[in-house]
Amino acid sequence: MIVGLGNPESEYADTRHNLGFACVYELARRLGVQIERKRWQSLVGRSEAGGVWLVLPQTYMNLSGRSVAKALGDLGLTHQRLWVVHDELDLPLCRMRIKRGGSGAGHNGVLSLINSLGTDDFLRFRVGIGKPSRTGSPAGRNYVLGRFTKAEAARLPSIVDGVATALELAIGAGVERAMERFNRAGALGCEEIP
């Protein structure tokens, strides 16, 4: 099951915090899957050929874990079969890191998943959004819920395309292959913005 994290209302559509949604929508497009069915307080789609569920929780970021835990339970899947795509402050824009486990690092969606599942042992596709340039609060609600700058937005097609390619590679050839190819600078095909 591949989960994209984000917030459901249109006002959040183009924000940094919704990058997980954008990447999973692109994967769905490539797989020929419509993510429109309502189930588990989420929008869902299924790729029969790939054997993959695509899930976009509609509970708001801070409650994502509830819908994901329900989906895993209903499908009879363990947390080891969960892949989560989310924005990451600790990585520069145009950088991704695929990893299993670890803390939520202050990301409320990931923290909700850890709390609801009772474990941090799930795969993450951490997509960098960089940190705000101003000093003070590192995340700043306004930053993650803010829109990309013009320079950042110009890089989004490469980022979304690269993450979707990484997901396809992980589905087809395995997570290790995706990690080898995408856990390095330049792998998303755009210049990093710290």
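Visitor: At 5% relative accessibility, does S47 count as buried or exposed?

Guide: Buried means under 20% relative accessible area, exposed over 50%, partly exposed in between (1.4 Å probe, protein chains only). S47 counts as buried because its relative accessibility is 5%. This is a predicted model: local features need pLDDT of at least 70, side-chain atom pairs count only at pLDDT 80 or more, and totals for chains, interfaces and linings use all residues. Residues are numbered from 1 along each chain as its sequence is written, and side-chain values use heavy atoms, without hydrogens and water.

Visitor: Where does S47 lie, and which residues does S47 touch?

Guide: S47 lies in strand β3, residues 42-47. Strands (E, at least two) and helices (H or I, at least four residues) are DSSP runs, numbered from the N terminus. Contact means heavy atoms within 4.5 Å. Not counting residues up to four places away in sequence, S47 touches L31, V33 and V52.

Visitor: Which residues of the largest nonpolar core touch the most other members?

Guide: Such a core joins buried Ala, Val, Leu, Ile, Met, Phe, Trp, Tyr and Cys residues through side-chain atoms within 4.5 Å. Here, F125 and I159 touch the most other members of the 41 residues. Helix α5 gives the largest share, eight residues. Beyond four places in sequence, the contacts of F125 include W83, I98 and A170.

Visitor: Where does α5 bend?

Guide: At L156, by about 35 degrees. The bend is the angle between axes fitted to the seven residues ending there and the seven starting there. A proline, P157, follows within four residues. After α5 comes G174, with a positive phi near 110 degrees.
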